Amino acid sequence: MTSFSDLRAGFLASLEAERRYAANTVRNYHAALDQFEAFLKGHIGDAPTAEHLRLLKSRDFRGFMAARHREGLDAATLRLELSALRSFFRYWGKRGILPSAAIMALRSPKKRAVLPRPVSA
C-alpha cells in the first residue's frame, strides 16, 4: 500500500525535475500537502494511504478548507493550498493512481476586492 508520504515525495520530485517549478513554489506546495496530511490523520484516524485518498469526496476537501479558514488563513493562502492539492491529485490522476474529480469540483475562495488608492496631488 502506497503511503501519502511516498506520493507526496514523488509529486514534489516531479515538480522540481520535470516541471522545473521555483524552489519557493515547491516549498509552498510541500507545506500545503503537509497540512493536508495532518488534517487527514485527524479526519481518518490513521496515516493516509493511496486507498484512503481514493475514497475522499468533495466534502472531505471542503472540510479541510474550512478547517484551514478557521485557523485564520486568508483567501490567497487558501487558494494556494487548493492549487497544491489540485496539482497533486491531477498529477496522480494522469498516472491512474488517484481520482481527481472530487477536488476539481471545488471552487476557489473568492479574492477580496480592493478599492483603488487615490492619487495624491
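A residue is counted as buried under 20% relative accessible area, as exposed over 50%, and as partly exposed in between (1.4 Å probe, protein chains only). The model is predicted: local features need pLDDT of at least 70, side-chain atom pairs count only at pLDDT 80 or more, and totals for chains, interfaces and linings use all residues. Residues are numbered from 1 along each chain as its sequence is written, and side-chain values use heavy atoms, with hydrogens and water left out.

The protein chain has six helices and zero strands. Helices (H or I, at least four residues) and strands (E, at least two) are DSSP runs, numbered from the N terminus. The order of elements from the N terminus is α-α-α-α-α-α. Along the principal axes, the C-alpha atoms fill a box of roughly 65 × 30 × 20 Å. The accessible surface of the protein chain is about 7700 Å². Carbon and sulfur atoms hold 52% of that surface. Accessible areas come from the Shrake-Rupley method with a 1.4 Å probe; for residues, only the protein chains shown count as cover.

Contacts (heavy atoms within 4.5 Å) were also examined along the sequence. Among those in the protein chain with a separation of 6 or more, 63% join residues 24 or more positions apart.

Phe-89 is placed in helix 5 (residues 75-94). Its relative accessible area is 1%, so Phe-89 counts as buried. Leaving aside residues up to four places away in sequence, Phe-89 touches Phe-36, Leu-53, Leu-56, Phe-61, Leu-98, Pro-99, Ser-100 and Ile-103. Phe-36 lies 53 residues from Phe-89 in sequence, with 12 Å between their C-alpha atoms. Leu-106 sits in the segment after helix 6 (101-104). Leu-106 is buried because its relative accessible area is 10%. With residues up to four places away in sequence not counted, Leu-106 touches Ser-58, Phe-61, Arg-62, Leu-82 and Arg-86.

The whole structure contains five salt bridges. A salt bridge is a side-chain nitrogen of Lys or Arg within 4 Å of a carboxyl oxygen of Asp or Glu. In one of them, Asp-34 pairs with Arg-8, the closest N and O atoms being 2.9 Å apart. This pair links distant parts of the chain, with Asp-34 in helix 2 and Arg-8 in helix 1, 26 residues apart. Asp-34 is partly exposed at 30% relative accessibility, whereas Arg-8 is buried at 10%. A network of salt bridges links Arg-8, Asp-34 and Glu-37.

Glu-51 and Arg-54 also form a salt bridge (2.9 Å, N to O). Both residues lie in helix 3 (residues 50-54), three residues apart, about one turn of the helix. Glu-51 is partly exposed at 38%, and Arg-54 is partly exposed at 37%. Arg-68 meets Glu-71 in a further salt bridge (2.4 Å, N to O). Arg-68 is buried, with a relative accessibility of 8%.

The protein chain carries 21 positive and 11 negative charges, whose mean positions are 11 Å apart. Lys and Arg count as positive and Asp and Glu as negative; His and the chain ends are not counted. The place of a charge is NZ of Lys, CZ of Arg, CG of Asp or CD of Glu. Arg-19, Arg-90, Lys-94 and Arg-95 gather in a surface patch of positive charge. Patches are made of residues with over 30% relative accessible area and no salt bridge, like charges being joined within 9 Å and nonpolar side chains (Val, Leu, Ile, Met, Phe, Trp, Tyr) within 5 Å. Arg-19 belongs to the loop between helix 1 (4-17) and helix 2 (23-44).
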